[in-house]
6 protein chains.
Amino acid sequence: MPAGELMYPPDQEIKEAEEGEEGWVWTQIKTEARRDAEAEPALASYLYSTILSHSSLERSLSFHLGNKLCSSTLLSTLLYDLFLNALSSDANIRSATVADLRAAHVRDPACVSFSHCLLNYKGFLACQAHRVAHKLWTQSRRPLALALHSRVSDVFAVDIHPAARIGKGILFDHATGVVVGETAVIGNNVSILHHVTLGGTGKVGGDRHPKIGDGVLIGAGATILGNVRIGEGAKIGAGSVVLIDVPPRTTAVGNPARLVGGKERPAKHEDVPGESMDHTSFISEWSDYII
Amino acid sequence: MPAGELMYPPDQEIKEAEEGEEGWVWTQIKTEARRDAEAEPALASYLYSTILSHSSLERSLSFHLGNKLCSSTLLSTLLYDLFLNALSSDANIRSATVADLRAAHVRDPACVSFSHCLLNYKGFLACQAHRVAHKLWTQSRRPLALALHSRVSDVFAVDIHPAARIGKGILFDHATGVVVGETAVIGNNVSILHHVTLGGTGKVGGDRHPKIGDGVLIGAGATILGNVRIGEGAKIGAGSVVLIDVPPRTTAVGNPARLVGGKERPAKHEDVPGESMDHTSFISEWSDYII
Amino acid sequence: MPAGELMYPPDQEIKEAEEGEEGWVWTQIKTEARRDAEAEPALASYLYSTILSHSSLERSLSFHLGNKLCSSTLLSTLLYDLFLNALSSDANIRSATVADLRAAHVRDPACVSFSHCLLNYKGFLACQAHRVAHKLWTQSRRPLALALHSRVSDVFAVDIHPAARIGKGILFDHATGVVVGETAVIGNNVSILHHVTLGGTGKVGGDRHPKIGDGVLIGAGATILGNVRIGEGAKIGAGSVVLIDVPPRTTAVGNPARLVGGKERPAKHEDVPGESMDHTSFISEWSDYII
Amino acid sequence: MPAGELMYPPDQEIKEAEEGEEGWVWTQIKTEARRDAEAEPALASYLYSTILSHSSLERSLSFHLGNKLCSSTLLSTLLYDLFLNALSSDANIRSATVADLRAAHVRDPACVSFSHCLLNYKGFLACQAHRVAHKLWTQSRRPLALALHSRVSDVFAVDIHPAARIGKGILFDHATGVVVGETAVIGNNVSILHHVTLGGTGKVGGDRHPKIGDGVLIGAGATILGNVRIGEGAKIGAGSVVLIDVPPRTTAVGNPARLVGGKERPAKHEDVPGESMDHTSFISEWSDYII
Amino acid sequence: MPAGELMYPPDQEIKEAEEGEEGWVWTQIKTEARRDAEAEPALASYLYSTILSHSSLERSLSFHLGNKLCSSTLLSTLLYDLFLNALSSDANIRSATVADLRAAHVRDPACVSFSHCLLNYKGFLACQAHRVAHKLWTQSRRPLALALHSRVSDVFAVDIHPAARIGKGILFDHATGVVVGETAVIGNNVSILHHVTLGGTGKVGGDRHPKIGDGVLIGAGATILGNVRIGEGAKIGAGSVVLIDVPPRTTAVGNPARLVGGKERPAKHEDVPGESMDHTSFISEWSDYII
Amino acid sequence: MPAGELMYPPDQEIKEAEEGEEGWVWTQIKTEARRDAEAEPALASYLYSTILSHSSLERSLSFHLGNKLCSSTLLSTLLYDLFLNALSSDANIRSATVADLRAAHVRDPACVSFSHCLLNYKGFLACQAHRVAHKLWTQSRRPLALALHSRVSDVFAVDIHPAARIGKGILFDHATGVVVGETAVIGNNVSILHHVTLGGTGKVGGDRHPKIGDGVLIGAGATILGNVRIGEGAKIGAGSVVLIDVPPRTTAVGNPARLVGGKERPAKHEDVPGESMDHTSFISEWSDYII
């Protein structure tokens, strides 16, 4: 799938394919939570209220987000209703949620369980809230989408504009400080570390933010500006500043960013960095530049 | 105005000049809020409590900040009182608030309305809270100023020391992670992106933080350290690390930062980057360094 | 002490040595708070509830953390109990807390008092909460440790994995955006600025995060990735990206980072940067690279 | 209908008959709330959050009860869910709610509107919460029913055992201090003032509380104890203590209660006191006893 | 003053007469609070937030009522504003507040200080909230007045219709369960115990509630119904049910109530029972009726 | 034990005798809570936070009271600490708590379990909070005792002066509206229904409230005024107004109260009404007076 063209299959198809998936993950989550509640009475109340008292993943997630994002002027019951309505009626969001849970579980060695991700990963929670805000945005309920956006930015320090389009199987690892602009597009199976910026170029509107291809890995603190295309399977080194296109399956590092292997014949890797999460294997090739 | 010398006109003068301005913006905000409340019943309660039930911009802003920044040990009523007293009695702060609203509206293409900025922009809100904390600081109410500072850092992840002096027409865009040190000075019409640091140089006190001239634009993640002077209308590229002075209307990029066009004869631009928000036009000149 | 080998003396020994220390600091804190409460009635209620109504530093800190970190699903009484139990029973944590308070007081010129640090420094508070979470982790109460970790990341935007080992006399200055990974180790008397990442290298588990020696100073926004060793007394410049070992008492700067003085014969400094907090004295040697 | 035999028609029948009724009342409520929100900006937020943002009476009521009855250990989202599920699935409760709203509107001259009753009448709100608690009780979800019972007793000072059976068109006027025991039954169109007790007789279980017939009026502070029968259309004077049966359409007054007109040939009235709310017309006959 | 005719002197006159009074009481309250804060650190935070941080009695009371009466849908800042506006602009209410404080202090032997009454007496607090609600009612802000009325009834279990007119120097002792109807009038220097009802007679509107003369004492649980006149200085025994007029300076007891001394030549007392609080001196005359 | 002379055995003795008792009841409570949590997931979080996460009855009760009685100005952590300190250090209070739990369980047929009483009985909770407030009172911490008293009166509508002395095995059934004055004394094994007043006689201080002997039963709405003695095992009918002494094991009914059987040779009963809870067996003798 070309970056920028997120084509969702029709809801019905997804429903048939994913229902078992969703059910299986939810069963895992409940099993984990029950085990933890038994082992740790001090946490049992929390686990029952957030997970074990609910009849489905969408109810649990709606409850958790409602309580995380509420404020004295945006009540938890209102947010709970909003999330539950969106999640119940949209199989695409639900299947993306499941894919995101799987992504964290597979890619992050510090992720000990699905329930750990569901309850504690601010990147996961911010992303699911974004999915609902994005749905509101596309339904022209923009002030509500922006209010949600603002709460997510306050509570999680993750700032994803509700208009941004985001694929499935996304891992926002650590997530603090991530900024994703209005016309940015993120493909499937992308991994993005904390402090990453997908930013614009100025005060003119229009299509002005990066397009991130499938399977891309963006290291901590990388800044990508403008309507540039990061090719599928590319890798952006931590702290890089990227202002022009990066070809597929190449690695860009440094500030300003350079392609590992050189501009003309950059080194190409075979793996999908967004999934393999290999942040540093380019060091051997990059070693001339460092220390 | 030279950076570091924020000279405010006397209150009375400002009052005469700005009252219409303030009234006009407030009327806009109420109109926008009323329109949104009608279109979106789920948000109407929020819009009434934050905007439509109030008789002035300063009351609305005091209410909103009081509810955003309160905690179980710093009650909203106390903060509301504090903000309202400061805003009511200080026309300079009020006119700066209006200038900041205008700055977001003009410079940020994602800013759809004044009310959007007033309610949702953590950079705007953190800056207004800072203006009040700064006033307390200058009145020698330092423990209270620091308590406020701490709440802003917790809630918005924006860390502006209450002693820092900040001009008018400031846009803190996205704002997460901004750090502004004790002796920093920021001129008028400056735009500062998220993760920007205006930091000190060590453990010795005294004047040790940057002075940012009028009309400067500082890109995301830029770090400026020490009592250095960023000349008026200069542009600091995203991710740059700046440790020495940058001349007016030049562009510094990279880590360590270099002047675009070279140290000896740097390229000079005509526009005011803090207002034009042009982040990336230097790419053509910088392209040798990248990818 | 070699980085990675935090050897605590037995509790009893510490108790004898540090009790006077702890008592002295607590007396200072109460004196400061009483002075501020008298000078600022608007803050007196806050100072009494957080400090003056408590009989010990550990009770005050437990109360403050409980109220800062609680949520609608993790009640303050539960957290207060948890912190108080951990702090009361562990003299090591208490002496580390005192050393951290002293570190902020001595090294940060903006730190006006011990009570200022205790109440307002999110880096200090996040670090103490981490000490308790780490204790839970070593007691195999991992889900609880992770829940605490998550609250600290939400509330303070400081993300320290509960398994990370951290010495005493630590200053997390400003602290927003700090990420410390699961197998990271931080020695004693280290100073770490905001946005610093001590990150991993991929999705494989095992020992994969940096080891930071005693007395190291890490500048704002620096990213250190992988199981690399930052030698004691080394200095990492702001915004640096470090992927391989840094020798003791040398300075690494830039992205990619280079040793000041060159890879072969790097300049060595005498002072302990983690304590002297000298961020920028290398500029003269680094000036070729900049502007 | 004999007291003690509350026979509900099948759900379907009610649905057909009452839907228009429910819709009509809901339309009235929204109209009233919109009028009040326009006239009183200070109340608009409250009216939007409680009424105008909701799509049905059952949602508005569930939201309002959830927020009124929640506590730090019983969250509003949980209660909202509970109420909404019960109200959505039980047309009998919904039609009783509507009948209760009408009862307050018709019988209480201080009731200025349906929305006034919905938002402000603790007797009305306690009664609706009881209807849901009673449903839970009959579904053998007794601990939950009792927890709800306890919250209603704390918040509204209205103590109705969840096992008690209550008809439709009930007005609990003022309501503070009402106590209704486990085996009590209240018919239709009954009006009960504050401080009324329908109590038991001792520590033996079984059927031990009063049965109140249709159309009964029970004055403020009246105490009725034991499995006695208050005949349809009877009137119990304020402050009366009743320990034996009261025949239909008679009036019992005093402590101990006597029948107006005498035990043998008591005076009979034609009107339905539970609807006419005539508290004091018996004074002429009772005047020998007073002042 | 005849019951039912509360004639307030013009604001200006009161201001001159009472300012010293108000200032003196406020000084007493602060002195008491400071003494208690010093003696009891656990309460100091509470005393500072409610009393010692405020610059006037009206601010302290507004803060306290705002925090007592707020809910998740009626925020404390809104209520604080409402109370402060009303109290600041109405010298009559302020002088009534002071007179009520004095009444509790003089008449209730369990009232240990003015601050005790200000903070802890629900009867006092409910009465002051009523004074503000009544002001709103007379300004035709009826929905807001009724919302306030409802909160007072929920929080304090004191139910005073906002239209009821109440004099100065009122003691609602214990106060739980008090109900005062829409057209009731209470004179000056009246003392009313808990569970007292001043109720109506039916569903017809109009003037239908009791008129209580100056200096009346109404014992616990007394019920007075209808547009009857309780003459100045009369005493109503605990648990009495009164349905017709009671002459001045007489005592009515029992259910139904009788005049002590007989209907024709009732005993007259010289003292003012509303001030002397003599509840039981009539026992000698009543003893024939009891035990 | 004569009413008015509550003689507690020394702490040590009680400890030995009651520890098994306390442990046994706590085990029952946990068993019940575990059963209910399994049967009702919606309540499990509540049961874990209030009971199952705690290691002792005193911790569970302290947590529950702290969360019930806290307000925005009296934080739950402060109250939790206060209750836990008092309960941990006073075996007398703990044994009284257990006796009260047993009393509710044995005497109230609507009490389905110990945990039901612990969580839901406002009379039980108010009484335990009173026991702690009374302890504070006797320690001359009167402002704190009165603040607690006020919270109990607000939250539970139960108003027991902290100076009042109360024995063990007390059942406050329903409890709303109970008022117990400063110098009142309540013996052991007493049962008191809702709306009962043990009130004073005027504005003179000193010993002015009732003394209730062991085993007394006081019916709903009864008012007992003055320093009168209700003999052990006496029964006071619902709604009675009692102003003079009542002999042991007799029954007083009516307003004004008379002795059943006549003043000269009142009927004496054998049972202990405070335990048998027989409210109405006197009807046969009283029937001449009614209906």
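Mentor: Two residues are in contact if their C-beta atoms, placed from the backbone, lie within 7 Å. This is a predicted model, in which local features need pLDDT of at least 70 and side-chain atom pairs count only at pLDDT 80 or more, while totals for chains, interfaces and linings use all residues. Residues are numbered from 1 along each chain as its sequence is written, and chains are lettered from A and ligands numbered from 1 in the order in which they are written.

Trainee: How many residues of chain B are in contact with chain A?

Mentor: On the chain B side there are 42, in contact with 46 residues of chain A. Helices (H or I, at least four residues) and strands (E, at least two) are DSSP runs, numbered from the N terminus. Helix 2 (41-52), helix 6 (114-120), helix 8 (142-156) and helix 10 (283-286) of chain B each supply at least two residues to this side. Helix 2 of chain B gives the most, five residues.

Trainee: Which classes of residue does the side of chain B that touches chain A have?

Mentor: Ala, Val, Leu, Ile, Met, Phe, Trp, Tyr, Cys and Pro count as nonpolar, Asp, Glu, Lys and Arg as charged, and the others, Gly among them, as polar. That side of chain B has 18 nonpolar, 18 polar and six charged residues.

Trainee: Which element gives the largest share of the side of chain D that touches chain F?

Mentor: In that pair, 45 residues of chain D are in contact with 42 residues of chain F. Helix 8 of chain D gives the largest share of the chain D side, nine residues. The chain D side divides into 19 nonpolar, 18 polar and eight charged residues.

Trainee: At what angle do helix 7 and helix 8 of chain F cross?

Mentor: Two packed helices are described by the angle between their axes and the distance between the axes. Axes are lines fitted to C-alpha atoms, for helices over the stretch in contact, and angles run from 0 to 180 degrees between N-to-C directions. The axes of helix 7 (residues 122-138) and helix 8 (residues 142-156) of chain F come within 8 Å and cross at roughly 170 degrees. That makes helix 7 of chain F roughly antiparallel (over 145 degrees) to helix 8 of chain F.

Notes. Parallel < 35°, antiparallel > 145°, perpendicular 65-115°, else oblique.
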